[in-house]
Amino acid sequence: MGDEIETSAEAAEAAAMPRRHEVHADPEVEPCKDIPESVSQTPVAQKSPAEWAYERLILYIQNFEEQLDNEHEVAMGFAGGETGVLRIEGMGFFDPDMITFYGSDSMGVKTQLIQHVSQLSVMLRALPKEVEREAPSRIGFRLAADLAKNNEK
């Protein structure tokens, strides 16, 4: 324990602040950025498990996309079962506890996965961008912009 004394308000604020920490073997890999104000302005205790999982997934997807070249797009693989890989084209949540992912599978078939937050386990993957597109699709940045816009209300 440190010698710092916190007021009850400071202790409550610290308890409501989300924390994140990560370390990578490769020093060139950028860790996720600080949590944006649009996410941290509402205390975690006031968010549903679905909303809180959705916000954090957006941050991870956006960070992953920042590390991709123009020849790759983000996709996700799911643990357990034979769900395969989903090219991420959209994402949402349904309070209090459901997350949904929209996209297409490796055969280009339109796909939607609906998952309870207690079952959430995803692996982000870099897939070659779709041939007919000039630029890679970056869903993480669109999701983050929507998140910031919705939290301004």
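Modeller: Accessible areas here come from the Shrake-Rupley method with a 1.4 Å probe, and for residues only the protein chains shown count as cover. By that method the protein exposes about 10,300 Å². Carbon and sulfur atoms supply 52% of it.

Colleague: What kind of model is this?

Modeller: This is a predicted model: local features need pLDDT of at least 70, side-chain atom pairs count only at pLDDT 80 or more, and totals for chains, interfaces and linings use all residues. Residues are numbered from 1 along each chain as its sequence is written, and side-chain values use heavy atoms, with hydrogens and water left out.

Colleague: What makes a run of residues a helix or a strand?

Modeller: Both are DSSP runs, numbered from the N terminus: helices are H or I with at least four residues, strands are E with at least two. The protein has four helices and five strands. Along the sequence the pattern reads α-α-α-β-β-β-β-β-α.

Colleague: How do you know what span to expect of H3?

Modeller: The expected span is 1.5 Å times one less than the number of residues. H3 has 18 residues, so it should span 26 Å. Its end C-alpha atoms are 26 Å apart, which agrees.

Colleague: How many residues of H3 are buried?

Modeller: In H3, 13 of 18 residues are buried, so the helix is mostly covered. Of the 153 residues of the protein, 33% count as buried.

Colleague: What makes a set of grid points a pocket?

Modeller: The grid is 1 Å, over the protein atoms alone. A pocket is an open set where a 1.4 Å probe fits, with protein on both sides within 12 Å along at least five of seven lines. Lining residues have an atom within 4 Å of a point. Points are joined across faces, edges and corners, and a volume is the space filled by probe spheres set on them. The largest pocket has a volume of about 220 Å³. Eleven residues line it; the closest to its centre are Arg56, Leu57, Tyr60, Val122 and Leu124.

Colleague: Which elements give two or more residues to that lining?

Modeller: They are helix H3 (49-66) and strand S5 (122-128). H3 gives the most, with six residues.

How values were computed: Buried < 20%, exposed > 50% of the residue type's maximum accessible area, 1.4 Å probe, protein only.
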